[in-house]
Amino acid sequence: MALIIGNWKMNGLKAGLAEAKKVAEGAKPGDQLVICPPATLIMAMSEALAGSNVLLGGQDCHAKESGAHTGRVSAEMIADAGATYCIVGHSECRDELRDDDDVLAGKVEAILRAGLVPVFCVGESLETREAAKAESFVKGQLELVHGIADRVIVAYEPIWAIGTGKVPSTDDIAAMHQSMRDYLGEKTPLLYGGSVKPSNAAEILSVPHVGGALVGGASLKAEDFLGIARAA
Ligand SMILES: O=C[C@H](O)COP(=O)(O)O
């Protein structure tokens, strides 16, 4: 069964709890669903979804456990609020927070320290794809998790496919996932992310080595998120 992770990004006020409850109510036995809401909602959502087969994740974290880091959230806090997973290295964080490999290494270590599963995001820009360097670029990003390949989930998200409605060809998705599989070995779950919708999910999820999806926009409506789960 595919793992379908919804990344709500900076969307979802308290009213989002109702949407998450709809996901839990509509989930079928065996579904592997994860919602990564804003940190402000994790605790309430973990109470509301207790006993369901929808798990929760954070979207990012600080490398330190606690301290004078105004505005930041630690992996321990995310775990304490009821999450099981934490996204790290999303291209929006790499861009907005200027997260480089050193910072990301600290965050991955923190996520493991807190007992969470890291969902490590990689993906190339359009420029890199057009220069036929996508696979080597992604392999470079994956070096950071090569030594912990059995403790991490990797999400391949081409930056140009995020929120744009553009999706790589299934041949390109297959080639990238084969390349990641060859580099990381068999134990790492590999997800695809970037404009996944109910209408294209079945095709994407049938590509060899694609073990699930990291979903942004289409995870905000229970009907769409469950539609993707059904396609899996
Ligand atoms: O983390 C999720 C991704 O950035 C994909 O977002 P999207 O499904 O809105 O393209």
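Reader: Please take helix α5, residues 101–113. Which of its residues are buried, and what do they pack against?

Author: Happy to! Please keep in mind that this is a predicted model. Helix α5 has 13 residues, and from its first C-alpha to its last it reaches 18 Å, close to the 18 Å expected at 1.5 Å a residue. The buried residues of α5 are Leu-104, Lys-107, Val-108, Ala-110 and Ile-111. Those residues cover an arc of only 160° around the axis, which puts them on the same side of α5. As for partners, the buried residues of α5 pack against α3 (75–80), β4 (85–88) and β5 (117–122). Just after α5 comes Gly-115, with a positive phi of about 80°.

For context, here are the two helix pairs. Helix α1 (residues 16–26) packs with helix α2 (residues 39–48) at an angle of about 40°, their axes 10 Å apart. These two are therefore oblique to each other, and the crossing of α1 and α2 is right-handed. On the α1 side, Gly-16, Leu-17, Ala-20 and Lys-21 meet Leu-41, Ala-44, Met-45 and Ala-48 of α2. Helix α7 (residues 134–142) and helix α8 (residues 170–184) pack at about 35°, with axes 10 Å apart, and α7 passes α8 in a right-handed crossing. Residues making that contact include Val-138 and Leu-142 of α7 and Met-176 and Tyr-183 of α8.

Note on methods: Residues numbered from 1 in each chain as written. Predicted model: local features only at pLDDT ≥ 70, side-chain atom pairs only at ≥ 80, totals over all residues. Helix = DSSP H or I, 4+ residues; strand = E, 2+ residues; numbered from the N terminus. Expected span 1.5 Å × (residues − 1). Buried ≥ 20, exposed ≤ 12 C-beta atoms within 10 Å, placed from the backbone. Arc of directions from axis to C-beta. Contact = placed C-beta atoms within 7 Å. Axes fitted to C-alpha atoms, helices over the stretch in contact; angles between N-to-C directions. Parallel < 35°, antiparallel > 145°, perpendicular 65-115°, else oblique. Left-handed = near helix turned anticlockwise from the far one by under 90°.
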